[in-house]
Amino acid sequence: MRFWTDQFAMTPDQELLFQQQIRKTTGKYFWAAALFVLLFQIYNIAYTLHYTGFQLGSRASRVYMVLYICMLSFCLISLVLGFLWSFVRKSSDLRLLRLYSAFSFFLLLWSVCITLYDQRVSDNISIYITSSMYIAGLIYLRPGISVPIFIFCEAVLMGGFLWMHLEGIKDTYGFCVNSIGLTIVALFISLYRWSSLRRDFLNHQEIQQKSKIITEQNEKLDFIANHDALTGLWNRNYLNQWTAEFFSAKEQKTAAVFILDIDHFKQYNDTFGHMAGDECLRQVARSLNAMDGNVFRFGGEEFLYILPCEDPDQASRLGESLCRRIESLQIPAAKPGAYLTISVGYSMGSMENDAAFQRLLREADDALYHAKSSGRNRSVKYDVSLLTPETSAP
């Protein structure tokens, strides 16, 4: 038994989750079983009272009445406790499962008593068999509970039957074989149901775990495919996806496109080394990424910043803010006593399709050229003539 149950062993967290699931999925069968048995006892009591003319004059009628009332009372207690533990108290899944087990044991033991008492007049064991199958098929029981319950009740039934030596039983051998055989079948059904529920749960958990791993791997691959490995910013591959979504959106298609370039970055690398250059790029990327807008690593020491907007003054202020923001990082430049700066070129206009976006990129690149040629550390807006660009002095 231990070897068999070890196949379906669970971690404590899985066990708690399984108990919650079992209580929800199989609890409805307990309610149905308890309610049916309750109604059946009400019928038995009413029938006995009617049959005896409400006198209960015979000993048999009184014994049956006591058995019916006991089962009725236990059903009521089980239903009340089940209701309280389900809707009033929390974290009661294990308590409810124990209630299911107690109900099963009492019902099966009750059916043994009824069956033994019936042997006075007949060899009928239908109540015991019906209860056994009823419990095995409807109520969830662990092997550590179902095996002792079925074996104990069968032992009581056999012991009581052999002790009574009733003359009304014509086929003692058939009674024993049928009783034991059907008890084994009921026990097998209960064990099979237990193993099936746990196997399905573990398989579902394994599928969920594998699905989680696949999802995490896909997210990692997606991040690698769409982000720059050094700075963590979106890369040019994701830029194509982002612009396609932007073009298909129903919102306003006007945007400001900024191209940023770190001033004298080659000299920075030559002076401080490529490791320091990589860290410099990361610092600039973190600072840009903290702002509103969409930031991409455009290549080398260049960054692309796209801000959907319609206000030219807002774009102008942003260009100036980008320059001041990087300068405020106070990253030592290659020139002694100076700090690292950037030059910004930008263009603003309709960005409703890829052709319009490519035009804005070319214009921003031209503006960037003028920003660098006119002294660097400044933001320049593209002008049609490119002869009188709007500059903001450092």
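**Close-up 1. Phenylalanine 265 and tyrosine 268 sit three residues apart in helix 9 (residues 265-272), separated by about one helical turn.** The model is predicted. The two ring centres of phenylalanine 265 and tyrosine 268 are 6.1 Å apart. Their planes meet at 5°, so the pair is stacked. Phenylalanine 265 is buried, at 7% relative accessible area. Tyrosine 268 is buried too, with a value of 7%.

**Close-up 2. Phenylalanine 105 and phenylalanine 152 form a tilted ring pair.** The model holds 24 aromatic pairs. In this one, the centres of phenylalanine 105 and phenylalanine 152 lie 5.9 Å apart, with the planes at 40°. Phenylalanine 105 belongs to helix 4 (residues 93-118) and phenylalanine 152 to helix 6 (residues 143-164), so the pair ties together parts 47 residues apart in sequence. Phenylalanine 105 is partly exposed at 30% relative accessibility. Phenylalanine 152 is partly exposed as well, at 43%.

**Close-up 3. Ring pairs join Phe30, Trp31, Phe74, Tyr100, Phe103 and Phe106 into a cluster.**

**Close-up 4. Arginine 193, in helix 7 (residues 172-226), is placed here.** Arginine 193 is buried but has no salt bridge. Aspartate 200, the nearest side chain of opposite charge, is 9.9 Å away. The arginine 193 side chain does reach the backbone oxygen of leucine 138, at 3.3 Å. Residues touching arginine 193 include Thr26, Tyr29, Ala136 and Tyr140.

Conventions. Residues numbered from 1 in each chain as written. Predicted model: local features only at pLDDT ≥ 70, side-chain atom pairs only at ≥ 80, totals over all residues. Heavy atoms only, no water. Helix = DSSP H or I, 4+ residues; strand = E, 2+ residues; numbered from the N terminus. Buried < 20%, exposed > 50% of the residue type's maximum accessible area, 1.4 Å probe, protein only. Lys, Arg positive; Asp, Glu negative; His and termini not counted. Salt bridge = Lys/Arg side-chain N within 4 Å of Asp/Glu carboxyl O. Polar contact = N/O pair within 3.5 Å; in protein donor to acceptor, adjacent residues only side chain to side chain. Contact = heavy atoms within 4.5 Å. Phe/Tyr/Trp six-rings, centres within 6.5 Å; stacked < 30°, edge-to-face > 60°. Lists of a residue's contacts leave out its neighbours within four places in sequence.
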